[in-house]
Amino acid sequence: MRLLVVEDAPRLRANLGLALTKMGHAVDLAEDGPEGESMARMNPYEAIVLDRMLPGKDGLSVLRDLRRDGHTTPILLLTALDGIEEKVRGLGDGADDYLTKPFALAELVARLEALVRRRHGKADSKLRIGPLEIDTAGKSAARDGVAIFLTAREFSLLECLARRPGQVLSRAQIEQHLYAELDGPQSNAVDAAIYSLRRKISPEGTPPLIHTRRGLGYVMEAR
C-alpha cells in the first residue's frame, strides 16, 4: 500500500515511516497540515494517517477541506485527546477511524488494513484469483495450497494487482502505488518486479495470472 503519514512529532513520524516501510508499504511523510493536505491532493494513497493537532493547519481542518472537495481516501485520525466528544467530532468531519495516542503499531496497521479492505468492498483479509489465495493481513500467498515466498515489494505489487482484478494498470499507476515520493524508481523497476512476481506465482507449466496489455500495462485475472 502507498500511505501518507501526517504527524508533527519528529520521532513518531520517523518511527512510523520506518516501521511501515519495513512492512513493504510505500510511505510519504508530512510534518504539518499544509504539506499533508498538498500531498494528499497530489498522490493516490490507499490510506492516510492524520494527526489531530498540526502546525500551520490543524488535522480537522485538513480533513474537512479534503472531504469537501470530494477526496474519498480513508483517513485514520490520530489524537492525544480521548474524550467522546472529540471522537464524535472527528468522525463527523469525515474521518474513517480514530486512534488515541499512545497506541501499538500493530493496532494502527490492523486498522489501516481494515479501512483499505472496506474501500475495496472486502469483508476479510483474503483475496482469491483463480488458484491463488492472498492474505493481506498475514502478508502471505499460496497457489493451490503451496506457500509462495515473496519479498515485501513483491507482495505489495501482488496486492496492488489483486485488489483490482480485471483492471489494466499502467506502469505509472503501479509506480504510484509501490513507491514513495522520494524513492525514485528506475525506469525498468516495474517491469523487473512484474517479471519476478510472475515466475513465483505462476511456475512453469501453470496458467499465468498476470497478463500484459501491450502499450497499456498489466492486469491480473485467471482465465
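The model is predicted: local features need pLDDT of at least 70, side-chain atom pairs count only at pLDDT 80 or more, and totals for chains, interfaces and linings use all residues. Residues are numbered from 1 along each chain as its sequence is written, and side-chain values use heavy atoms, leaving out hydrogens and water. Helices (H or I, at least four residues) and strands (E, at least two) are DSSP runs numbered from the N terminus.

**Helix α2**

- In α2 (residues 33-42), G33, G36, E37, M39 and A40 are buried, meaning under 20% relative accessible area with a 1.4 Å probe, protein chains only.
- These buried residues line one face of the helix, because they fall within an arc of 165° seen down the axis of α2; the arc is that of the directions from the helix axis to the C-beta atoms.
- Their cover includes β1 (2-6), β2 (26-30), β3 (47-51) and α3 (59-68).
- The N-terminal end of α2 is capped by D32, with a side-chain oxygen 2.8 Å from the backbone nitrogen of E35.

**The four-stranded sheet**

- Four strands form an open sheet in the order β6-β7-β8-β9, with antiparallel pairing (two strands pair if DSSP finds at least two bridges between them).
- β6 (126-129) and β9 (146-148) stand at the edges with a single partner strand each, so one side of each has no neighbour in the sheet.
- From one strand to the next, the twist averages 25°.
- β8 (residues 140-143) is joined to β9 by three bridges, and R143 has V146 in β9 as its bridge partner.

**Helix α6**

- α6 (residues 152-162) lies across β6, β7 (132-135) and β8, running at about 110° to β7.
- Axes are lines fitted to C-alpha atoms, for helices over the stretch in contact (heavy atoms within 4.5 Å), and angles run from 0 to 180 degrees between N-to-C directions.

Definitions and conventions
Buried < 20%, exposed > 50% of the residue type's maximum accessible area, 1.4 Å probe, protein only. Polar contact = N/O pair within 3.5 Å; in protein donor to acceptor, adjacent residues only side chain to side chain.
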